[in-house]
Amino acid sequence: MNFFDELKRRNVFRVGFAYAVVGWLVAQVADLALESFGAPDWVMKTLLFLIMLGFLAALFIAWAYEITPEGVKRAEDVDPNQTIVHQTGRKLDRVIIVVLLLAVSLLMFDRTRVAPEVVHQTPSAKITEPAAAPGNTVTGSTEQRETKTIAEEQSVAVLPFVNMSSDPEQEYFSDGISEEILNVLTRIPNLKVAARTSSFQFKGKNLDIADIGRQLQVNHLLEGSVRKAGNTLRITAQLIETDTGFHLWSQTFDRNPEDVFAIQDEIAAAIATELRTLFSGEIANTSKVIDVQAYELYLKGRGLVARRREVDLFEGIDTLKASIEIEPAYAPAMATMAKAYAVLPWFSFRIPAGEARELARQWANKALEIEPENVEAMAVLGIVYSESDLNFAGALELFEKALKLNPGNVAANNFLGDLYSRTGDIPMALKYESRAAELDPLGPVQLTDLANIRFLQGDYDKVIQLANRALSLDPSFGNAYQHLFDSWFALGDAEQLTNALQAIDSSPAGRPEFGIGQSLLAFEASHGNRTQAEKTFEDRVGLARTGQLPASAVASDAALFGNFDIAGEMLLQAYREKDGTWLFPIWVRLPEQAPDSEPWQEFWRQPGVRELAELRRKNGLDPHPPSFGSMARP
C-alpha cells in the first residue's frame, strides 16, 4: 500500500477536512463575540495562530494514533485485521455534515441580520383638507401623482448601513459610507438615486422591502453593515430587487480604515455594473484620504443642514467649520457650508439675507477652486446669482452645467425649479420641482417647494395635501404651516386658518419666529380684525425701517394688504441690501399690480428688477395674486 492510500485508510484527509471546517466555524463565532466585547486585535490573531497549530497536531494524531474498542492506541500497535477505521470514517463524515450545516446557518445569519429596519412615519398635526371642487377632482395619492416613477428607469435607494461595531460613536462613520456611495451613484447616467433625506427616513426601523421600494419609488435597494474593530474594517453590501426581494448581488469588503474612500467607489462601481448603467467606462475614482474626525464632522454637519430648521442650520455651520479646521482643503464640507448660508434666508432672520448669500458665494468659490466640478457648490452659486445679483441668465447656465454633470442631484433640480418659479415659467418650475420630489419623495423641503408651484397654479387643494404630507414626515417643519396659512387665506376659510394657527402652536417646535408675522396678519384680516391687523403691520414697518426685520418680509405684507407705497419702499430697501427673498412671486408679482404707486413703479425700474418683469410677462405670469376668499367656492 502506497503512502497516499495509507493516509486515506487512517482517515487523515477526513480529520483534516473536519478540523478545517470546525476551525473556520470557531473563528467566525469568535470574530463576532470578540468584536462585541471590544477585544483588542491580538486576541483574534492569537486564536487563529492556535487554530493553525491545532490543525498540524490533528493531522499528526490522525496518522500516528487510532481509535479502537479498547481505547486510543498507536497505529503500529493495531492489528490491521481488527481495525475499525471504516466505522471511524463514517462517524467523521457525519460530524463534517453537521458542522457544514452549522457553517451555512452562520453565513445566512450574518448576511440577513444587516438589513436595516423601517416603519411608516405616523402622520400628525394634519389640517383638514377641503373637498375637491367640480372640475378640479383630486384622484389618487399625492405620492402617485407628484412622484410617479418611470418604469423603464433603473433606480436605487441606498439605505443607511447598520453600525455593527460596539462603539456607538461609529454611527456617523457607517452613515457616511452610505452617503458617499449614494453620492458616487448619482454621477451615473440614466440611474435614478433616491435622495439621502428620503432613504434615511428608514434608519433603524422595520418595513417590508417592497413597501420601502414603493415609498421611495425605486426598483432596487442597497443595504449593508459596517464593522470596525481596531485596524480592521468590514463592509458588507447587498443589492436587492424591491419587487421580488431577490438578492441580486452581495459582497464583503475587508479593508484598512484608511481605505474607506476607495471602498466607497469600489462598492458603487460594483453596483453600477449590476444595474448595467455604466455604458462608458468605469466611474472616475475621486477618492481622497481625509482625516476621519473631519469626515465625521462633515457628515454630522451635512445632516443638520438637510433638516432646514434655524437651530439646525446654525449648528450645522459650526460643525462644518470644525471639519474644515481639521481639513482646510475639504471641498465637500465647504460646498455644504455654502449651501447652509444660501438657504438660511428662507428659514431665519438672524443674519441679513445679503450677508448670508455673500458668505455662500465665498464658500462655494473656495470649494470650486479645489473641485471645479463640485455640483453642490455650482448649485449654491446659482442661488447667489439669482437672489443677490438678479443675474438670471448666469444662474440658469450654472444650474444646467450642474445637472449635466449630475442629473440626479436633488439640490440642483430643486434650485433650478426655484429659478423658474421666480421668473414665472411655471411649467418648467413644475418639471424640476417634481423631479426633485421624485428623487427625494420623503423630503419635506421638496414637498413644500413643489407646493409653491401648485400655489402659483391656483391649485390650493393640492398645496394643502402636500403641506400635510410634509407635516406627517416632520411635524415641526414651519414652511408647511406657512403653506397651509396661504392656502386657507386664498380659499377664504377663516375657520381653517384658526385650525392651522392652533396646530402650529401645538407642534413639537411651537410657533416659529421666522415667517409667522404675515400669517398672523392674514389671520386677523380674515376674522375681520382690520384694526389689529393694521396695528401689527405698522409695528412691522417700523422694525424693518430700523433694520430689526427684513424689509422683504414687510414688502410682502404690504402687497398682501394693498399698500403698494410701503411695499415699494420696502422692496427698494431690500434691493439695496441684496435681499432677494421677495423674488418668489406670491404677493410681489409685476408693476401692473399698482400702476399709480410711484415707490412701487420706481422699484420695478431698477436694473435686474426691470429684466425680471420682462421675463415674467413673457412667461405669462398672472400679475394678480389671490386676496382673501377670492378663490372660495360657493
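Modeller: A nonpolar core is a set of buried Ala, Val, Leu, Ile, Met, Phe, Trp, Tyr and Cys residues joined through side-chain atoms within 4.5 Å. Bear in mind that this is a predicted model.

Colleague: Which residues touch the most other members of the largest nonpolar core?

Modeller: They are Leu216, Tyr341, Phe415, Leu484, Trp582 and Trp600, in a core of 131 residues. Helix α12 (residues 331-343) gives the most to this core, namely 10 residues. Another core lies apart from it and has 21 residues, including Phe173, Leu182, Leu191 and Val193.

Colleague: What is leucine 216 in contact with, leaving aside neighbours within four places in sequence?

Modeller: With heavy atoms within 4.5 Å as the criterion, the partners of leucine 216 include Ala157, Leu159, Phe202, Leu221 and Leu442. Lys192 and Glu438 are also among them.

Colleague: How do you know that the span of helix α15 agrees with its 14 residues?

Modeller: At 1.5 Å a residue, residues 392-405 should span 20 Å, and the end C-alpha atoms are 20 Å apart, so the two agree.

Colleague: Why are the buried residues of α15 said to line one face of the helix?

Modeller: Buried means under 20% relative accessible area, and in α15 that applies to Phe392, Gly394, Ala395, Leu398, Phe399, Ala402 and Leu403. Seen down the axis, these fall within an arc of 165°, so they line one face. Ala393, Glu397 and Lys404, on the other side, are exposed. The cover over the buried residues includes α14, α16, α17 and α27.

Colleague: Where does pLDDT stay under 50?

Modeller: One such stretch is residues 111-152, with 107 contacts beyond four places in sequence in the model. The chain averages a pLDDT of 78.

Methods:
Residues numbered from 1 in each chain as written. Predicted model: local features only at pLDDT ≥ 70, side-chain atom pairs only at ≥ 80, totals over all residues. Heavy atoms only, no water. Helix = DSSP H or I, 4+ residues; strand = E, 2+ residues; numbered from the N terminus. Expected span 1.5 Å × (residues − 1). Buried < 20%, exposed > 50% of the residue type's maximum accessible area, 1.4 Å probe, protein only. Arc of directions from axis to C-beta. pLDDT = per-residue confidence, 0-100.
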